[in-house]
Amino acid sequence: TVIGDEDQSIYTILRHARPEGIVQFHQTHSNTYDVPLYYCIRCPTQVVHMANSLILHNHPQRPSTIKPVAQNGPGEVYIVQHNSIQDEITCVATFIDWYLGNHAGVKPGEVLVLSTRRFIGYAIRDELVRLGHAAQSFFTEECLEKLSAREGYCLLTLLVRPDDRPALRT
C-alpha cells in the first residue's frame with residue numbers, strides 16, 4: 001500500500017521525496033490500482049483552502065482535487081515572519097506556552113510542531129523545557145546517532161539490497 005499526495009512535492013527539496021513514485025506506482029507494480037482521495041479529513045478547512053491555493057501555483061493546469069471537510073471547522077492560522085531563526089524558535093515556543101496556558105483541555109502531548117531542520121526542532125524543544133513543559137523530539141536521524149546503530153543499519157540494508165551503493169560505500 002502506498003498512500004500519498006504528489007502535491008506534497010515541496011518535500012522534494014527538503015527530504016528528497018519523489019512524488020513520481022506515488023504517481024507511477026501502479027505502472028511499476030503489477031496487480032495494483034489507484035484509489036483517489038478526495039477529502040482531507042485531517043486539516044481544518046482554512047488550511048485545505050490555503051494548501052490548494054499554493055498547489056495551484058505549482059500546477060496551474062491541474063488544480064488540486066482535495067476538498068475540505070466542514071466538520072473540521074475553519075481552524076486558526078497565523079502568518080508571521082521573523083528576523084532570525086532564533087526569533088522564530090523563541091516565538092514558536094512562547095506561542096505554545098501561551099496556548100497551553102489558555103487552553104486547559106489541551107495536553108502538551110497533543111501539540112505537534114513540524115520542523116524541517118533537526119537543530120530548529122531541538123531548539124524549540126529545549127525552549128519549551130526551559131518554559132516548564134515536557135517536550136520530545138522525533139527526528140528519524142536520532143535512532144542512528146550511535147556508530148553501532150549506523151553500522152547495523154548499513155548491514156541490514158546490504159542484506160536486503162546487496163547492490164545498494166551508499167551502503168556499500170559506507
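**Figure 1. Trp-98, with a relative accessible area of 43%, is partly exposed.** Here, buried stands for under 20% relative accessible area, exposed for over 50%, and partly exposed for what lies in between (1.4 Å probe, protein chains only). The model shown is predicted, and local features need pLDDT of at least 70, side-chain atom pairs count only at pLDDT 80 or more, and totals for chains, interfaces and linings use all residues. Residues are numbered from 1 along each chain as its sequence is written, and side-chain values use heavy atoms, with hydrogens and water left out. Trp-98 has its place in helix α5 (residues 85–102), where helices (H or I, at least four residues) and strands (E, at least two) are DSSP runs numbered from the N terminus. Together with Tyr-78, Val-80 and Phe-95, Trp-98 forms a nonpolar patch on the surface, and the four have about 420 Å² of accessible area together. Patches are made of residues with over 30% relative accessible area and no salt bridge, like charges being joined within 9 Å and nonpolar side chains (Val, Leu, Ile, Met, Phe, Trp, Tyr) within 5 Å; the areas come from the Shrake-Rupley method with a 1.4 Å probe, and for residues only the protein chains shown count as cover.

**Figure 2. The chain is made up of eight helices and two strands.** Read from the N terminus on, its elements follow the order α-α-α-β-α-β-α-α-α-α. Of the 170 residues of the chain, 17% count as buried.

**Figure 3. Helix α4 (residues 45–58) has its end C-alpha atoms 20 Å apart.** This agrees with the span of 20 Å that its 14 residues should have at 1.5 Å a residue, the expected span being 1.5 Å times one less than the number of residues. Seen down the axis of α4, its buried residues fall within an arc of 80 degrees, so they line one face of the helix; the arc is that of the directions from the helix axis to the C-beta atoms. Buried in α4 are Thr-45, Val-48, Asn-52 and Ile-55, whereas the exposed residues Leu-54 and His-57 are carried on the face turned away from this buried side.

**Figure 4. Arg-130 and Glu-127 form a salt bridge, with their closest N and O atoms 2.7 Å apart.** A salt bridge is a side-chain nitrogen of Lys or Arg within 4 Å of a carboxyl oxygen of Asp or Glu, and the structure holds four of them. Both partners belong to helix α6 (residues 118–130), where they are three residues apart and so separated by about one helical turn. Arg-130 is exposed at 59% relative accessible area, while Glu-127 is buried at 14%.

**Figure 5. Two further salt bridges join Arg-125 to Asp-126 and Arg-161 to Asp-164.** In the pair of Arg-125 and Asp-126, the closest N and O atoms are 3.0 Å apart; Arg-125 is partly exposed at 22% relative accessible area, and Asp-126 is partly exposed at 43%. For Arg-161 and Asp-164, the corresponding distance is 3.1 Å, with Arg-161 partly exposed at 44% and Asp-164 buried at 14%.

**Figure 6. The structure holds zero disulfides.** Cys-43 is in no disulfide, the nearest cysteine sulfur, which belongs to Cys-40, being 3.8 Å away, whereas a disulfide is a pair of cysteine sulfur atoms within 2.5 Å. Cys-43 counts as buried at 17% relative accessibility, and Cys-154 counts as buried at 12%.
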